[in-house]
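Subject: Structure handover

Hello,

Here is the structure I promised to pass on. Please open it first, then read my notes below.

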Amino acid sequence: MRSDEIKKGYARAPHRSLLRATGVKEEDFDKPFIGVANSFIEIIPGHFYLNKVSEIIKDEIRKNGCVPFEFNTIGVDDGIAMGHDGMLYSLPSREIIANSIETVMNAHKLDAMIAIPNCDKIVPGMIMGALRVNVPTVFVSGGPMAAGKMEDGTAIDLATVFEGVGSFEAGEITEEILTEMECNACPGGGSCSGMFTANSMNTLMEAMGIALPGNGTILALTKEREELFRSAAKRICEMALADQETQEKMNFRNILNENAVRNAFAVDMAMGGSSNTVLHMLAIANEADVKFDIADINKISPSLTTVHMEDIHTAGGVSAVLKEMTKRDNSVLLDNLTVTGENLFERIADAKILDSEIIHTIDNPYSEVGGLAILFGNLAEQGAVIKTAGIIGERSFSGKAVCFNSQDEAIAGITSGKVKAGDVVVLRYEGPKGGPGMQEMLSPTSLIMGMGLGDSVALITDGRFSGATRGLSIGHVSPEAAEGGLIGLLKDGDEIFIDVDNYILEAKLSFEEIEKRRENFEPKEKELKSRWLRQYRKLVTNASKGAVLEA
């Protein structure tokens, strides 16, 4: 086994001595060593209880004849980091997480890994690291938070509070109602209850076959979730104890391959997940050496719907979504291997929709098009992303540009009334290089919604949003302003044309006018005190490439 390199032979006596100091017994040296990659951190609601989760998992690993070694990654809570310069560290944290997984697993030659993520960049960061290590690996997330409830029984979530701030600014709700939202939207541990980035990625892990059924939808802090943790721990031991041929078959790259990437995008389109998943899945595809053209996403368009994660679970879960998608030709590639050793077809064979109001059937779709779309044009030569499932109002829009060079400028401009019905908010220098770090910006879009402009204003940015975005909110514009993209050349009053159904994002400017503006154009570069962010800015690629770092 791989760990023999650190524990077998007379030359490894010093290594064994150090291992004995950690509690490894003589009989343990013949057992597989399992890395337990935990993302426990006390400031994130989806992670503060993961120290208890790892104890459950390590107990089960020991019971099943293996030796667990827990280690931790960092984490950033986007909701808490949002709206200030803390968000600059959010996307860069994905790279630190991937690097930490690679570092610990390879430095200590561990035989297999069970990964415990839950939120935002932590899931893709761990997946990217696992692809580099390429040993048998099972993912099991901490689980989604239950939806919050107002006193009248209305279901709410974190997005409700963000939009409530805009409604309060507009005088549409009282401070007491906003406080009620604040106190009830997040009722306990778990990843935020809507189909935002965390829950999107946790469901996509099921589609990719790297997690057990129920990973995306079984609520956190429940007995059912504990059973999932124990099943995942038992499964990683089965993989690690298998014969060499089976182990090699179950190596992570044999499961997370091109078919798995395409299945993930298909489920994301069907469930109307976060636009962030495009960024992360492109990065995952890059790590998996999968050639995936961002334009291909527009060819994947099954049509289902979701509400809160607990509703999806009781309606049949992700397996039911996948089963329904098989009724559409080639939507899902069913012969792909999963961590349970069965292929996807076998996994979902008995799944069924239990509530067709939550998971719609192919014959009665929520929408005739997928939940995400990639737009192209002179403003997005390499693509831009919109969550079509969140659109309210018209899907085609023309308006005059109102330009802001940072999120803070945009928030000030929106709250002061600078943005009017019929405008296109242009929010630039928030991309991977320009931010740097591509801030997730829920505040500007939530303010627009809260002020009653959601169906009459569009927003385009080289930054990104969470899955809570509603309205014509277009992110990931590439090339970004900081690398000379046209979004950086726009002026107030320029006419912008958006046509979602035809995948168009254009500035109504002549080629001659664009070239004239480009002659004297110097992209803005923010002054940075942070050494890490300066390093990141030099190495990071744009959103169309998944914002991966150039080695």
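Helices (H or I, at least four residues) and strands (E, at least two) are DSSP runs, numbered from the N terminus. The model is predicted, so please note that local features need pLDDT of at least 70, side-chain atom pairs count only at pLDDT 80 or more, and totals for chains, interfaces and linings use all residues. Residues are numbered from 1 along each chain as its sequence is written, and side-chain values use heavy atoms, with hydrogens and water left out.

**A buried loop serine**

Start with serine 191. It sits in the loop between helix H8 (175–184) and H9. Is serine 191 buried or exposed? Its relative accessible area is 0%, so serine 191 is buried. (Buried means under 20% relative accessible area, exposed over 50%, partly exposed in between, with a 1.4 Å probe and protein chains only.) Beyond its neighbours within four places in sequence, serine 191 is in contact (heavy atoms within 4.5 Å) with Gly46, Asn118, Cys119, Gly143, Pro144, Met145, Ala198, Asn199 and Asn202.

**The cores**

A nonpolar core is a set of buried Ala, Val, Leu, Ile, Met, Phe, Trp, Tyr and Cys residues joined through side-chain atoms within 4.5 Å. The largest one here has 106 residues. Those with the most contacts inside it are Ile57, Ile61, Ile114, Ile127, Phe139, Met208 and Leu256. Helix H13 (residues 258–271) gives the largest share of this core, nine residues. Another core lies apart from it, with 31 residues, including Leu379, Cys403, Val424 and Ile498.

Not counting residues up to four places away in sequence, leucine 256 touches Ile127, Leu131, Met208, Ile210, Val261, Ile284 and Ala288. As background, nonpolar side chains tend to be buried together in soluble globular proteins.

**Two helix pairs**

Helix H9 (residues 197–208) packs with helix H14 (residues 276–287) at an angle of about 45 degrees, and their axes are 10 Å apart. Axes are lines fitted to C-alpha atoms, for helices over the stretch in contact, and angles run from 0 to 180 degrees between N-to-C directions. H9 and H14 are therefore oblique to each other. (Angles under 35 degrees count as roughly parallel, over 145 as roughly antiparallel, 65 to 115 as roughly perpendicular and the rest as oblique.) From H9, the contact uses Thr197, Ser200, Met201, Leu204 and Met208; from H14, it uses Asn276, Thr277, His280, Met281 and Ile284. By class, the contact of H9 with H14 has five nonpolar, five polar and no charged residues. (Ala, Val, Leu, Ile, Met, Phe, Trp, Tyr, Cys and Pro count as nonpolar, Asp, Glu, Lys and Arg as charged, and the others, Gly among them, as polar.)

H13 also packs with helix H16 (residues 317–325). The angle is about 100 degrees and the axes are 11 Å apart. H13 and H16 are therefore roughly perpendicular to each other. Ala266, Val267, Ala270 and Met271 of H13 meet Val321, Leu322 and Met325 of H16. That contact has seven nonpolar, no polar and no charged residues.

**A covered helix**

How many residues of helix H19 (residues 442–450) are buried? Nine of its nine are, and the helix is mostly covered. The buried residues of H19 pack against helix H7 (158–169), helix H18 (407–415), strand E10 (423–427), strand E11 (458–461) and strand E12 (472–478). Just after H19, glycine 452 takes a positive phi of about 80 degrees.

**Backbone points to check**

Most residues other than glycine have a negative phi, and most peptide bonds are trans. Asparagine 134 has a positive phi, near 60 degrees. Asparagine 134 is in the loop between helix H6 (122–133) and strand E4 (137–139), and counts as partly exposed because its relative accessibility is 24%. Tyrosine 429 also has a phi near 60 degrees. Tyrosine 429 lies in the loop between E10 and H19, and counts as buried at 3% relative accessibility.

The bond from glycine 435 to proline 436 is cis, with omega near -15 degrees. Proline 436 is in the loop between E10 and H19. Serine 478 and proline 479 are joined by a cis peptide bond too, with omega about 0 degrees. Proline 479 lies in the loop between E12 and strand E13 (495–499).

Best wishes
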